[in-house]
Amino acid sequence: MSISPQEIADALRREIEGFQASAQQANVGNVLEVADGVAQVTGISECLAGELLEFPGGVMGMALNLEEDTVGAVILGDYLTIEEGDEVRTTGRVAQVPVGPELLGRVVNALGEAVDGKGPITASATDVIEKVAPGVALRQDVDTPVQTGIKAIDAMIPIGRGQRELIIGDRQIGKTAIALDTIINQRGGDLICIYCAIGQKESAVAQVVALLQEYGALEHTIVVAATASQPAAQQYIAPFAACTMGEYFRDRGQDALVIFDDLTKHAWAYRQVSLVLRRPPGREAYPGDVFYLHSRLLERSARMHDDQGGGSLTALPIIETQEGDVSTYIPTNVISITDGQIYLEADLFNGGIRPAINAGLSVSRVGGDAQIRAMKQVAGQLRLGLAQYREVAAFAQFASDLDRATRNQLERGGRLTELLKQQQFVPAPIEEQVCIIHAGTSGAVDAVPTDQVASFEQELLDFLRSGQAELLDRIRESKELSDDDEAALDAAIADFSANTFSGRAAMAGS
């Protein structure tokens, strides 16, 4: 069988007519050098700040230094597989993470990838990790409380939705415990929580996840983990990723709370990355923009105007101090950025006062605006009583003979301090807090021995739950303590003190 030249020509003509040339444009460069999780890349032009770069093996990097001839990129994965001369491609995308309700109840890394063994996350949306904070005109006043369930905080250092409240103190004195209690107290509520662990041991993160699961709080929480075993670059971007996940809910009219545990380790990671990138070091070897690092992160917390959906993003950054020194570089930076601080003191913690909150040095710059009316009514006397107690207690150390009024202040202050003690993972509903604080400030606890105050509190709560449930419901729903409710509460406390309290009965018997 022979093929004529004409048939060959026709076949070639048909192929040529059906051929469609497709051109692919790629911005490709090469690795110049790589060390300590940072690569210097040459040959890529028009690279964006914060753009994702693709290295061999699917490893991603993020461009941070844009220089005349090279790009300095941090590697968001295993940099040991990358060698000099490897090909690098730009992606045209800046760093982003998955967002949405699909992340609730999951543990993810700084890139939004699941690390809890429950399978991949099928989020329908992604968002960039670096954003400009909402402007002043888009915000509204912070006037809705975040109930932490911790009496000392809800009464004296209230946190509002959209606020940035710093938790500061030495290591191992209860900073993370306050954050976890706040998350646990949101069970059954409308506040979505994001817990961002930066530079912690993997065992510590696993313990946090187990506690949240045990107390039924994981289902409304996203855990973002950038542990100590992960590259400094992932620890650097983790809080920005967590903030983006919270903004998803804020921008849809919901309320979210993001906890950064802790920003001291975040600053360390950024310092490490910056030094390897050969950025000029400044004070304590931190780069010059370390203040901007935290300000651009925390300024994204806001309560949005009703025209913008009315959602909120509240931030609880945590800072670790050394020997209680708050005058070092990073603590002073973050104190100046936030709307107040909860200061934990090692001496109080070691003295058995837990949570170890120093009410004199702690402050909320939102103040009573973030409290319900009932708490405002009882908390003013509490702060005044404790302030007088601290002043008199310092003076009483040097005085042998005190007048009756001074002794009364000392005794009541000691009992109020006992009332504010609280077990971990036992957040108190706001209506029960109001009743207990009212009992302390009205003098109902003055005759109770100091070592019996905890028993008095627990038995009083049991008495109110069983016999005055309607009163508790009214306080919770109306959010105020009316004259009639206050009279009913006083009568109930008097009845309990006279007829029910076992500690009083034991004292009378002795």
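Which ring does the charged end of arginine 271 sit over?

1. **Before you start.** This is a predicted model, in which local features need pLDDT of at least 70 and side-chain atom pairs count only at pLDDT 80 or more, while totals for chains, interfaces and linings use all residues. Residues are numbered from 1 along each chain as its sequence is written, and side-chain values use heavy atoms, with hydrogens and water left out.

2. **Confidence.** The protein chain has a mean pLDDT (the predictor's confidence in each residue, from 0 to 100) of 91, and 96% of its residues reach 70 or more. Residues 505-510 fall below 50, and beyond near neighbours in sequence this stretch has 2 contacts in the model (contact means heavy atoms within 4.5 Å). Where pLDDT is low, the predicted coordinates should not be read in detail.

3. **The charge over a ring.** To return to the opening question, arginine 271 places its charged end over the ring of tyrosine 286, 4.3 Å from the centre. Likewise, arginine 354 lies over the face of phenylalanine 349, at 3.9 Å from the ring centre. The rule asks for NZ of Lys or CZ of Arg within 6 Å of the ring centre and within 35 degrees of the ring normal.

4. **Tyrosine 236 and its partners.** Rings of Phe, Tyr and Trp (its six-membered ring) pair if their centres lie within 6.5 Å; planes under 30 degrees apart are stacked, over 60 edge-to-face, and the rest tilted. The count comes to 9 aromatic pairs. With tyrosine 270, tyrosine 236 forms a stacked pair, since the centres are 5.2 Å apart and the planes at 25°. That pair links distant parts of the chain, as tyrosine 270 is in helix H6 (residues 263-276), 34 residues apart from tyrosine 236. Helices (H or I, at least four residues) are DSSP runs, numbered from the N terminus.

5. **A buried lysine.** Lysine 151, in helix H2 (residues 151-156), counts as buried because its relative accessibility is 3%; buried means under 20% relative accessible area, with a 1.4 Å probe and protein chains only. Leaving aside neighbours within four places in sequence, the contacts of lysine 151 include Leu419, Gln433 and Glu457.

Notes. Helix = DSSP H or I, 4+ residues; strand = E, 2+ residues; numbered from the N terminus. Buried < 20%, exposed > 50% of the residue type's maximum accessible area, 1.4 Å probe, protein only.
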